[in-house]
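Let us walk through a protein fold step by step. Keep the sequence and the 3D view side by side as you read.

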Amino acid sequence: MTKNILTLLITFFSLTSSAQFMVTSMLSEPADGEEMSIDNLTDNIGIMYSMDKISLGIMMNGDDYDLIARYGVGDKLFAYGLVATEDESLSLGLGYALNVWNDLYIEPSYLLDLEDEDNEGELKLSLTYKF
């Protein structure tokens, strides 16, 4: 029993030592007639666990949560997918990570909702910190 616990602890520490966590916030567009506020930045905040080129995490979407998966295509280019938990809709996107300062990134991206046939997609802007 102690060998199993020790093996699990060593595995956990080796995974976390080579991995990276990211906190990201996607800027949301204000509703018609409303002004931009801090809520537009904090409505879509999430955390991701990143290992090598793959990142997995969860992101708030107002009162609901979305699952997010991200794959680093190039040095700064990434592809990502969002799955909404309330209606299980799938959105795919492509973005670019622009390093602003140390581990702080501004990430413009294009997100396309696959469930909506009339959707032309939308440009998104995210703020990400890697630690």
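This is a predicted model: local features need pLDDT of at least 70, side-chain atom pairs count only at pLDDT 80 or more; totals for chains, interfaces and linings use all residues.

Which element gives the largest share of the lining of the largest pocket? The answer is β4, with three residues.

Start with the overall plan. The protein has two helices and nine strands. Read from the N terminus, the elements run α-β-α-β-β-β-β-β-β-β-β. The protein has 131 residues, and 27% of them count as buried.

Now go back to the largest pocket. Its volume is about 350 Å³. The pocket is lined by 20 residues, and D52, R70, G72, D75 and K130 are the closest to its centre. Four strands each give at least two residues to this lining: β1, β2 (45–51), β4 (64–72) and β5 (77–84). Eight of its residues are nonpolar, six are polar and six are charged.

Move on to the second largest pocket. This one has a volume of about 300 Å³. Here 18 residues form the lining, and those closest to the centre are N61, D66, L82, S91 and L111. Two or more lining residues come from each of β3 (54–61), β4, β5, β8 (104–113) and β9. The largest share, three residues, belongs to β3. By class, the lining of the second largest pocket holds six nonpolar, five polar and seven charged residues.

The structure holds one cavity of 30 Å³ or more. The largest cavity contains about 80 Å³ of space. Its lining consists of T24, M26, M48, M59, I68, R70, F78, Y80, E107, S109 and S126. The strands β1, β4, β5 and β8 each give two or more residues to that lining. Six residues of the cavity lining are nonpolar, three are polar and two are charged.

How are β4 and β5 arranged? These two strands run antiparallel and are joined by seven bridges. A hairpin of four residues leads from β4 to β5. Across this pairing, R70 stands opposite Y80 in β5. Both R70 and Y80 are also in the lining of the largest cavity.

The pattern goes on to the next strand. β5 and strand β6 (residues 90–96) also run antiparallel, with seven bridges between them. Here Y80 stands opposite G93 in β6. The hairpin between β5 and β6 has five residues, and E88 in its turn shows a positive phi of about 55°.

Stay on β5 for one more residue. A84 is found in this strand. Is A84 buried or exposed? Its relative accessibility is 13%, so A84 counts as buried, the cut-off being under 20%. A84 and M60 are 24 residues apart along the chain, and their C-alpha atoms are separated by 9.7 Å.

Next, look at how charged side chains meet rings. R70 lies over the face of F78, 3.7 Å from the ring centre.

Finish with the aromatic rings. How many aromatic pairs does the structure hold? It holds four. One of them is formed by F21 and F131, which are stacked, with 6.3 Å from centre to centre and 25° between the planes. F21 lies in strand β1 (residues 20–27), while F131 lies in the segment after β9 (122–130), so this pair ties together parts that are 110 residues apart in sequence.

What about the exposure of these two rings? F21 has 30% relative accessibility and therefore counts as partly exposed. F131 is at 49%, so F131 counts as partly exposed too. Ring pairs also link F21, Y49, Y129 and F131 into a cluster.

Key: Residues are numbered from 1 along each chain as its sequence is written. Side-chain values use heavy atoms; hydrogens and water are left out. Rings of Phe, Tyr and Trp (its six-membered ring) pair if their centres lie within 6.5 Å; planes under 30 degrees apart count as stacked, over 60 as edge-to-face and the rest as tilted. Buried means under 20% relative accessible area, exposed over 50%, partly exposed in between (1.4 Å probe, protein chains only). A charge sits over a ring if NZ of Lys or CZ of Arg is within 6 Å of the ring centre and within 35 degrees of the ring normal. On a 1 Å grid over the protein atoms alone, a cavity is a set of points where a 1.4 Å probe fits but cannot get out, and a pocket is an open set with protein on both sides within 12 Å along at least five of seven lines; lining residues have an atom within 4 Å of a point. Grid points are joined across faces, edges and corners, and a volume is the space filled by probe spheres set on the points. Ala, Val, Leu, Ile, Met, Phe, Trp, Tyr, Cys and Pro count as nonpolar, Asp, Glu, Lys and Arg as charged, and the others, Gly among them, as polar. Two strands pair if DSSP finds at least two bridges between them.
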